[in-house]
Amino acid sequence: TVNVTYFVFSSLLSGRSESASGAAAIGVASLVAIIALGEVLPKLLANAHRVAFSIVLAPIVVAAARAMGPLRVLLDSGVVAPLARVLVPREQPPALRTDELESLLEAAGAEGLIEREDHRLLGDVVALNQLRVRDVMTPRGDMPWVDARAGARDVADEARRSRRATLAVCEVSPDEGVIGLVKVREALGVAATRAERGWDLRKLIAPPAFVPDRSRMDRLLEFFRESRTDTAICVDETGAVTGMVALDDVIRALGFAPIEGGTREHERVERVGPGRWIVSGRLPVHDWADLFGAGADAASIDRRASTVAGLVLVGLGRLPSVGDEVLIGRLRLRVESMAGRSVERVLVTLAEGATSPDNP
């Protein structure tokens, strides 16, 4: 309304002007006025007094919307809907499936249409829709955490063991719930400036962020961006803690950090002979196909397992012990050592007749 009014008045004044310079001056003055009085000033005033403007304008907007309701319904049913049926096809083209997109990227890369680094980056983008949080998280049994009553030395020891910059803080254990997250560098910085008796870990923790362990990776990244955090506690559908995930885990899952010879113990893969490897029971399942692509069978992997130890447990249907074996695709997994009830090391052997994978 304001814009139309300005243009009407400027046109009338310009038409009645006796000289071209006068008409040009009226046009420039009208443009400046519509910018200053129609755009800048109203927005500045409304932004400075949001509540007052809303109280005054909301009833007017609601009344106008209700008064124009019959006209909007008439236009929608008589104009918009018929045009939509004419212009928009009845049948939408089928959505491009993930496997089709992957095949397209492979073909484009093979023909040299996409550079190698671009091909890898696009493949990682596709993987974001396939990977779930539970595929990259650190399971609850390996989650780096400290007791709420822990001292600065306990925090330093756990950070050194787990090589994590952020630790979960629990009252008793992760089974009882997580009360917060603590940044190791900040906590140790406080400890260095205070006496030991002035140390209180509860005052240094931040409220924990929780994410469902079945969420997609793209949604996790969006959550990290919106919440301005880089670490979250993973929970299942019942709200029980299942692990912890950090931005570093996502980066590693997308292949931006090497797995073989990695800095974390559960990322190491050691070749011990032709067609034989020793892997950690904590090796994530999502790395399985990358490491043993020629022998692994993705269809035979139970989605309930998130680690190699989980594969053994699901395959046996009971708690494993040293010497137990399961067959996954053309790979034989043998439990080499245990840490309590957890599988610590697994011997992976290529079955007879299978081709040795190149990745490991």
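Is Arg163 buried or exposed? That was my opening entry for this model, which is a predicted one. I looked up the relative accessible area and got 53%, so Arg163 is exposed.

**Arg163, continued.** I checked where Arg163 sits: it is in the loop between α8 (152-162) and β3 (166-170).

**Arg228.** I turned to another loop, the one between α10 (217-227) and β6 (231-235), and found Arg228 there. Phi of Arg228 is near 55 degrees, again positive in a residue other than glycine. I noted a relative accessibility of 80% for Arg228, and the cut-off for exposed is over 50%, so Arg228 counts as exposed.

**Cysteines.** How many disulfides does a search of the whole structure find? I got zero. I also looked up two cysteines by number. Cys170 has 0% relative accessibility, so I put it down as buried. Cys234 also comes out at 0% and counts as buried.

**Helices α3 and α4.** Next I looked at how α3 (residues 50-67) packs with α4 (residues 69-87): the angle is about 50 degrees, and the axes are 4 Å apart. That angle makes α3 oblique to α4. Which residues meet here? From α3 I listed Ala65, Arg66 and Ala67, and from α4 Gly69, Pro70 and Arg72. I sorted the residues of this contact by type and wrote down three nonpolar, one polar and two charged.

Technical notes
Residues numbered from 1 in each chain as written. Predicted model: local features only at pLDDT ≥ 70, side-chain atom pairs only at ≥ 80, totals over all residues. Heavy atoms only, no water. Axes fitted to C-alpha atoms, helices over the stretch in contact; angles between N-to-C directions. Parallel < 35°, antiparallel > 145°, perpendicular 65-115°, else oblique. Contact = heavy atoms within 4.5 Å. Nonpolar A, V, L, I, M, F, W, Y, C, P; charged D, E, K, R; others polar. Disulfide = S-S within 2.5 Å. Buried < 20%, exposed > 50% of the residue type's maximum accessible area, 1.4 Å probe, protein only.
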